[in-house]
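Have the structure open beside you as you read.

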Amino acid sequence: MKNIYTFGRRPAQRNYTVKDLIGLKKTGERLTMCNPANEAEIQACVDAGIDLLTLWDVHLDMAREIAPTHFAGTAMNWGQFATNDEIMRHAIQCMENGADMYFTNHSYDVVEMLARESIPVQVHMGLVPSLSHWCGGLRAFGRTAEEAMQIHETFKRYENAGAFACEIECVAEDTLRLLNHRTSIVTISLGSGNAGDVIFLFMADICGEADNPPRHAHAFRDLGRLHRQMYQERVEALQEFQSEVRARNFPYRAQAISMHEGELDKLHEALDKI
């Protein structure tokens, strides 16, 4: 555990620092990343020993309560802000609130703007779903030498802009394995095989909760079945409640409150005198 000051100048500890993650490229150590979105999921990541968290800004305070020592990145949606000033203000606020890196899939200029302020910037390469119109739909990348070279050039442009980490999504494993040794950027593989510095998978995919999981997802458990079972149990409980109320059976005697012994007779006497 490393002693640090957060970007908001608060003393803290972290399991990994930015420098540690950069150093992974020399050791070959492989880390895990997940995206918890509520208290139970964050706690589960902590208890399971997941290394890194990626969070929406609205979950950052909650995560810092439950996982105060975890390296945690946060993100902005592509359409969340319209101007560079808004992006910068949001990034600084997130870092002040305990984030360790900031994700954007905006332009190289935005990445450079954030990096100039010493904000560890995470970017996105390969399949960027919100920009899939430009590539003809959802598909894999880097399956040809020409496209792999384009990814290499993008890595270099992001390096020059100051990016620290990159989610690299649905890129051919062979391509990422070759390029990972040729970039200083920490690579976070999502659907790009076993070649990144960090392996990232969505919580819903890991736990088997996704309705239509992508090809690169693997369900290690079947929580979807349990959710469906719980839903059915919930509906049946409500139906039984409804039925028993309509039949004037519920509340049962065990749930009713009775007067103290002898008090009912006293009440009858008092009412009879009215």
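## Around isoleucine 151

Setting aside neighbours within four places in sequence, isoleucine 151 is in contact with Met125, Phe141, Gly142, Ile168, Val171, Thr175 and Leu179; contact here means heavy atoms within 4.5 Å. A word on the ground rules: this is a predicted model, in which local features need pLDDT of at least 70 and side-chain atom pairs count only at pLDDT 80 or more, while totals for chains, interfaces and linings use all residues. Residues are numbered from 1 along each chain as its sequence is written, and side-chain values use heavy atoms, with hydrogens and water left out.

## The nonpolar cores

Ile151 is also one of the residues with the most contacts inside the largest nonpolar core, a list that includes Ile87, Tyr102 and Leu114 as well. That core has 44 residues. A nonpolar core is a set of buried Ala, Val, Leu, Ile, Met, Phe, Trp, Tyr and Cys residues joined through side-chain atoms within 4.5 Å. Buried means under 20% relative accessible area, exposed means over 50%, and partly exposed falls in between (1.4 Å probe, protein chains only).

Helix 4 (residues 84-96) gives this core its largest share, five residues. Helices (H or I, at least four residues) and strands (E, at least two) are DSSP runs, numbered from the N terminus. There's a second, separate core of 16 residues, with Leu52, Ala165, Ile188 and Leu190 among them.

## Strands 3 and 4

Leu52 turns up again as the bridge partner, in strand 4, of methionine 33. Strand 3 and strand 4 run parallel and are joined by two bridges; two strands pair if DSSP finds at least two bridges between them. Four of the five residues of strand 4 (residues 52-56) are buried, so the rest of the structure largely encloses this strand.

## The largest pocket

Strand 3 also gives the most to the lining of the largest pocket, with three residues. The pocket holds about 660 Å³ of space and is lined by 28 residues, of which Gly191, Ser192, Gly193, Arg215 and His216 lie nearest its centre. The elements that give two or more residues to this lining are strand 3 (31-34) and strand 10 (198-200).

How is it worked out? On a 1 Å grid over the protein atoms alone, a pocket is an open set of points where a 1.4 Å probe fits, with protein on both sides within 12 Å along at least five of seven lines, and lining residues have an atom within 4 Å of a point. Grid points are joined across faces, edges and corners, and the volume is the space filled by probe spheres set on the points.

Strand 1 (residues 2-5) and strand 2 run antiparallel, with four bridges joining them. Isoleucine 4 has alanine 12 of strand 2 as its bridge partner. Proline 11 is exposed, at 64% relative accessible area, and touches Ile4 and Tyr5, not counting residues up to four places away in sequence.

Five residues lie between the two strands of the hairpin. In that loop sits arginine 9, exposed with a relative accessible area of 71%. Its phi is near 60 degrees, a positive value in a residue other than glycine.

Serine 118, in the loop between helix 5 (108-116) and strand 7, has a positive phi of about 65 degrees although it is not a glycine. In the loop between helix 9 (223-246) and helix 10 (263-272) you'll find proline 251, joined to phenylalanine 250 by a cis peptide bond with omega about 5 degrees.
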